[in-house]
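Please look first at the sequence and then at the three-dimensional model, and keep both in view while you read.

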Amino acid sequence: MRWVGVLLTVASSGSLAGCQKPGRAPLVVVIQLDGAGLDLVDELRADRRLPNFDRLMATGTSGPLQSWPTLRVMRTSARRTIASPIVWTSIATGKIPEKHGVRDFVLPVPGTASAWIGSEEGSARGEILLPEIGGVPPHELRLKLRSFAPVGEQHVGVFWNGNELDTVSLPVEWTILTVPLPASSMRPAQNRLELLFEKQSRPSDHGASSDRRRLAAEVAFVDVVDARGKTLLSLDPAVARERFVRGFYPPRGQLTEIQSVHWRAKPVWTLLGDAGVPVGIIGHWGTWPAYPVNGFLVSSRMGIRQTRGDSDRLTWPDSLAGEIAPLAPDVDDLEPTFERLHVNECAPRVIDRQSVLKKILIQDTYYVRLARKILAGRDTGLFSVYLRSIDVAAHVTLPWRNGSLLPEGCPDTVRSILDEVYVQIDAWIGDILDVLPPDAHVFVVSDHGMQQLQGTGDHAPFGLFIAHGARIRPGHRQFGSTVLDVAPTLLHLFDQPVPLDMDGKVLASVFDPAWFRASSIRYVDVDTSLSPDGAIPTDASEEALEELRALGYIE
Ligand SMILES: [Zn+2]
């Protein structure tokens, strides 16, 4: 276990601007604000309502941060949205969703994803495109499949790059089929697997079902294993939905909120931790179950009040959960905050979203308390704390701020809820800055901004990015940054090389020119993907799913 590594430091290779001592990695604190936008921050700064934002921005670099709308794999309709867990995972990994694996607000528990194969015209044929395959030949395909029960056992033709490899018998029980792949049949960039089925039928032809689809078989995964027995590829129809190109109905499975078991790429805190940099993560989306890091990890379940009690692996190390539990606020502790933010003032309560806002304010208060406790006395390492109130408040109240008609029973004061939430966040940033040494680097990053769309607050493609500290260019406004650039930029700030399998770039112009000239960006060809680990037990949080439902993210 690398817990002992907290005491290690990493040798710094560049020349050192400001007051960083040679030989010690800098202290970098990333404050993650879900849904924060530069438009509102600039407006409220102009009114002198955000002194801490103002201080960081006036003496640091700031600008818009471009997000990515993506297709959500568990939806039946192909509609692009900006989904927080997808974007936050891109921020943490520097990778596009196809690589990092977090593809929706909810995903199947690993091992429970599947998709039906069937065709409305002609016979059923499933077509899957596999990416480049390395490893040691000869390779073997492993497919988990079952025949649709009413059609019974049937024959399946297995075709590889257009050539028939085998015809196998497929029973109605789940079966793992293994098919050897001749070395001569492999293509370097992309390989095409086709499964041709003998029989299919409609569920509605067999009893009470109204399902009119024609179904032949169901597939759970497609793996490629090399001669040493190493699993090189493991595709399931949810995480790798775009590779199941033909003949498949939308995936299904036992859905959960996003969890660490869904990540297919290493986050920047793992890469830095492996290089000896101490790290600490508080509340990042999709970090439960907690896993070993070079420091501590307070998982995303620590903020979910009812679920917390039944969950293991709330933190890394395990003992931390008990230590920090007493800091969790009560609803009563928050009454003055609710008052100040006007969130109690609609009578009757018009929307259950308001209660989500209260829950999230409690969560954010908890995370700020944890940050203050855990960050006090630190002088090196990467730390992050995730705060979500702006996003939730903006979903409900951005139209009210913009002058839309208020729901019956809501006084005019509720129009200022969103502004007051920004003011509260600014105060929390101040609380965190208070416990940091003056030479700390502070980043403020959001996953997307907010806009009014069809009467509600909705996600918009530009969030914000603020960087501040000795190695950062002062008083600069930076354009052209994207969410993919945060992880590579953080690595460079720590004098670490950037893995070539990251999709983002080092934001060269955010750095202090003197420091940047003396440092050099280095790249390294390492594999920073993560393989699925089926051994980690997991379950779904009804409370987390309910929250996503209340905000309209899932049906
Ligand atoms: Zn949102």
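D495 counts as buried because its relative accessibility is 8%, where buried means under 20% relative accessible area, exposed means over 50%, and partly exposed lies in between, with a 1.4 Å probe and protein chains only. The residue D495 is placed in the loop between α12 (486–493) and β27 (498–499); here helices (H or I, at least four residues) and strands (E, at least two) are DSSP runs, numbered from the N terminus. Along the chain D495 and V73 are 422 residues apart, and their C-alpha atoms are separated by 36 Å.

Residues are numbered from 1 along each chain as its sequence is written, and the model is a predicted one, in which local features need pLDDT of at least 70 and side-chain atom pairs count only at pLDDT 80 or more, while totals for chains, interfaces and linings use all residues. Side-chain values use heavy atoms, with hydrogens and water left out.

The domain assignment, which comes from an automatic or database source, gives domain 1 (3–15 + 26–109 + 258–550) and domain 2 (115–252). The centres of domain 1 and domain 2, taken over C-alpha atoms, are separated by 39 Å. Eleven residues from domain 1 and nine residues from domain 2 take part in the contact, a word that means heavy atoms within 4.5 Å.

How many aromatic pairs does a search of the whole structure find? The search finds eleven, counting rings of Phe, Tyr and Trp (its six-membered ring) whose centres lie within 6.5 Å, with planes under 30 degrees apart called stacked, over 60 edge-to-face and the rest tilted. The rings of F105 and W285 have planes at 55° and centres 6.3 Å apart, so this pair is tilted. This pair links distant parts of the chain, since F105 is in the loop between α4 (97–100) and β5 (106–108) and W285 is in the loop between β17 (279–282) and β18 (295–298), 180 residues apart. Both F105 and W285 are buried, and together with W88 and Y386 they form one aromatic cluster. Another aromatic pair, F244 and F248, is edge-to-face, with 80° between the planes and 5.1 Å from centre to centre; F244 and F248 are both buried.

Rings can also have a charge over them, which is counted if NZ of Lys or CZ of Arg is within 6 Å of the ring centre and within 35 degrees of the ring normal. R301 has its charged end over the ring of W288, 3.6 Å from the centre, and R213 lies over the face of Y249, 4.9 Å from the ring centre.

The structure holds one disulfide, a pair of cysteine sulfur atoms within 2.5 Å. This disulfide joins C346 and C410, whose sulfur atoms are 1.9 Å apart. Because the torsion about the S-S bond of C346 and C410 is about 115°, the disulfide is right-handed. C346 counts as buried at 4% relative accessibility, and C410 is buried with a relative accessible area of 12%.

Strands β22 (residues 449–453) and β23 (residues 456–460) pair in the antiparallel sense over five bridges, where pairing requires that DSSP finds at least two bridges between the strands. Q451 has D458 in β23 as its bridge partner. Finally, helix α14 (residues 542–550) has buried residues including L545 and L548, and α14 is followed by G552, whose phi is positive, near 80°.
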